[in-house]
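Me: Please take a close look at the cavities in this structure. I would like to know what lines them.

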Amino acid sequence: MTRYISLLLATLACCPDATGCTSAIVSAQASASGRPLLWKNRDTSATDNKIEYIAAGSPGEYDYVGLFNASDRNCEQAWMGMNSAGFAVMNTASYNLKDDNVPASKMDREGYVMSHALKHCRTVDDFGRLLDVLPRPMGVEANFGVIDACGNGAYFECNNHSYTRYNLDDAPDGVLVRTNYSHSGEQGKGYGQIRERNALHLLKPYSGNASVEPYTFTDVLSCSFYHDLYGRDMAETPGCQWLIDQDFIPRYTTTATVVIEGVSSIGPDAEGEPGRRYVMWTALGYPPCAQVVPVWCSPEGVDEGLRGLQPGGTSRLCDEAKARKQEVFSAPDGNRQRYIRLSTLKNSLGTGYLQHFRNLNMQTYRRMRRSNNLEK
């Protein structure tokens with residue numbers, strides 16, 4: 001029995017459901033500010049996240065800011081980020097693209113690829129050229145989402161040997177969404193189909209009238225308990241006290257929601273560092289319990305609360321959000337991580353974490369937009 005439990009725990013730790021993400025790219029034409037958006041709701045077993053600024057190490061490289069695991073002391077694997085040239089990248093794991101026998105020990109290289117891209121890429125096309133020349137097998141099975149300062153955006157659905165590119169210009173409503181399967185991959189395989197439909201449903205009222213903004217992602221999609229199979233927000237069920245955590249965009253495994261807001265297109269021949277004007281709106285931890293903080297690509301652009309300055313290399317704001325999450329997932333019996341105590345998020349007194357942080361984050365967005373001239 002002990003051996004069986006050990007095997008079961010190992011299987012659950014490696015289960016794709018534990019390492020999923022939900023993501024989107026929004027064109028300038030579909031956003032409220034006239035700036036493109038790149039969003040990632042990160043799900044991973046690496047519960048401690050941090051944001052760090054990485055200065056260029058060699059001539060020809062770019063400075064960048066990235067989302068890292070707290071355990072990554074040397075910041076070698078970025079899981080989302082933006083650089084001084086205006087290139088930004090993120091990924092979601094895919095589970096229907098791999099068509100070879102490359103062992104698991106040589107996979108999961110996406111973080112290294114994105115760190116390299118942030119150091120060297122200026123445009124979406126640059127990223128495509130990087131994928132063309134990387135040694136095979138690349139050690140990846142992922143949907144990479146990218147934007148640049150020229151107004152371009154794309155998903156690259158990439159396996160060990162090839163990729164398929166989906167350009168943002170071809171999206172009729174100016175929005176592309178990906179979760180944990182690839183549209184070019186084996187049909188009927190992969191994960192996150194329900195989460196993708198959740199995201200598309202929740203985005204529709206905003207994309208239809210060009211009103212998508214970072215708050216739409218950090219405090220609407222990443223905090224919504226809408227479920228496509230039921231066609232409604234399950235947290236709005238009358239008399240419901242507990243909610244089973246299944247196929248929502250925010251999940252027990254969600255460790256961050258991040259939106260990179262670019263700039264209006266500057267043209268392909270423009271020089272300078274447009275990435276310095278990008279904003280990376282960042283909430284570390286379980287989104288319904290997390291505070292949004294703006295980040296810029298500069299040495300002083302990362303709030304100390306987001307950096308890995310705590311004992312053990314963790315970040316203060318992530319630690320605080322993790323503690324709140326334990327109150328949310330607090331069933332009195334077993335399987336605590338499967339049950340959401342709704343009263344901790346929303347209540348008649350208006351003191352739930354979701355209610356508090358939606359108000360706080362809205363104030364942050366309004367204040368920063370006024371003071372940094374981020375309006376359209």
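Reply: What follows goes through the cavities and their linings.

This is a predicted model, in which local features need pLDDT of at least 70, side-chain atom pairs count only at pLDDT 80 or more, and totals for chains, interfaces and linings use all residues. Residues are numbered from 1 along each chain as its sequence is written, and side-chain values use heavy atoms, with hydrogens and water left out.

The structure holds two cavities of 30 Å³ or more. A cavity is a set of points, on a 1 Å grid over the protein atoms alone, where a 1.4 Å probe fits but cannot get out; its lining residues have an atom within 4 Å of a point. Points are joined across faces, edges and corners, and the volume is the space filled by probe spheres set on them.

The largest cavity has a volume of about 50 Å³. Its lining includes Thr47, Tyr252, Gly285, Tyr286 and Lys325. Strand S14 (254-261) and helix H6 (316-328) each supply at least two of the lining residues, and H6 gives the largest share, three residues. Helices (H or I, at least four residues) and strands (E, at least two) are DSSP runs, numbered from the N terminus. By type, the lining has three nonpolar, five polar and two charged residues. Here Ala, Val, Leu, Ile, Met, Phe, Trp, Tyr, Cys and Pro count as nonpolar, Asp, Glu, Lys and Arg as charged, and the others, Gly among them, as polar.

The second largest cavity, of about 40 Å³, is lined by Leu284, Ala290, Gln291, Leu317, Glu320, Ala321, Arg324 and Phe357. Four of these residues, the largest share, come from H6. This lining divides into five nonpolar, one polar and two charged residues.

Technical notes: On a 1 Å grid over the protein atoms alone, a cavity is a set of points where a 1.4 Å probe fits but cannot get out, and a pocket is an open set with protein on both sides within 12 Å along at least five of seven lines; lining residues have an atom within 4 Å of a point.
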